[in-house]
Amino acid sequence: MSQEGIIDFSALERELQGAVESEQRYKRENAAKLRAVGQRVSYDQFRDLVLTCHLKPLGKKDKEDAPRKQPWNPVAPSNNATSTTEI
């Protein structure tokens, strides 16, 4: 509340949104910790699992139409380039 007794609803909404995000992060990290302990991983793996718990796996649609920027075998010629090597 301000000095005149008026509530600043935008500040209240920002504070609520921050609290909700903080709670979601806590639950997500705690679930990752419990999964990691159940898997009996090393500390480095435990730390990596907790630090990356906010990431989501790619779905089939995410990978389907995406252009390939890095070929799996950089030595092999690509489909659209012609290779002219002389021995």
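Glu 29 and Arg 25 are about one helical turn apart, because they sit four residues from each other in helix α1. An α-helix has 3.6 residues a turn, so residues three or four places apart point the same way. The two residues form a salt bridge, with 3.0 Å between the closest N and O atoms. A salt bridge here is a side-chain nitrogen of Lys or Arg within 4 Å of a carboxyl oxygen of Asp or Glu. Side chains of opposite charge can pair when their charged atoms come close. A search of the whole structure finds one salt bridge.

The model is predicted: local features need pLDDT of at least 70, side-chain atom pairs count only at pLDDT 80 or more, and totals for chains, interfaces and linings use all residues. Residues are numbered from 1 along each chain as its sequence is written, and side-chain values use heavy atoms, leaving out hydrogens and water.

**Fold**

The protein chain has three helices and zero strands. Its pattern along the sequence is α-α-α. Helices (H or I, at least four residues) and strands (E, at least two) are DSSP runs, numbered from the N terminus. Helix α1 has 31 residues. Its first and last C-alpha atoms are 45 Å apart, close to the 45 Å expected at 1.5 Å a residue. That expected span is 1.5 Å times one less than the number of residues.

Arg 40 follows α1. Arg 40 lies in the loop between α1 and α2 (43–51). Its phi is near 55°, a positive value in a residue other than glycine.

**Surface**

Buried residues make up 5% of the 87 residues in the protein chain. Buried means under 20% relative accessible area, exposed over 50%, and partly exposed in between (1.4 Å probe, protein chains only). The chain exposes about 8,900 Å², and carbon and sulfur atoms supply 53% of it. Accessible areas come from the Shrake-Rupley method with a 1.4 Å probe; for residues, only the protein chains shown count as cover.

| Residue | Relative accessibility | Class |
|---|---|---|
| Leu 12 | 46% | partly exposed |
| Glu 29 | 21% | partly exposed |
| Arg 40 | 77% | exposed |

Leu 12 belongs to helix α1 (residues 9–39). With Ile 7 and Phe 9, Leu 12 makes a nonpolar surface patch of about 310 Å². Patches are made of residues with over 30% relative accessible area and no salt bridge; like charges are joined within 9 Å, and nonpolar side chains (Val, Leu, Ile, Met, Phe, Trp, Tyr) within 5 Å.
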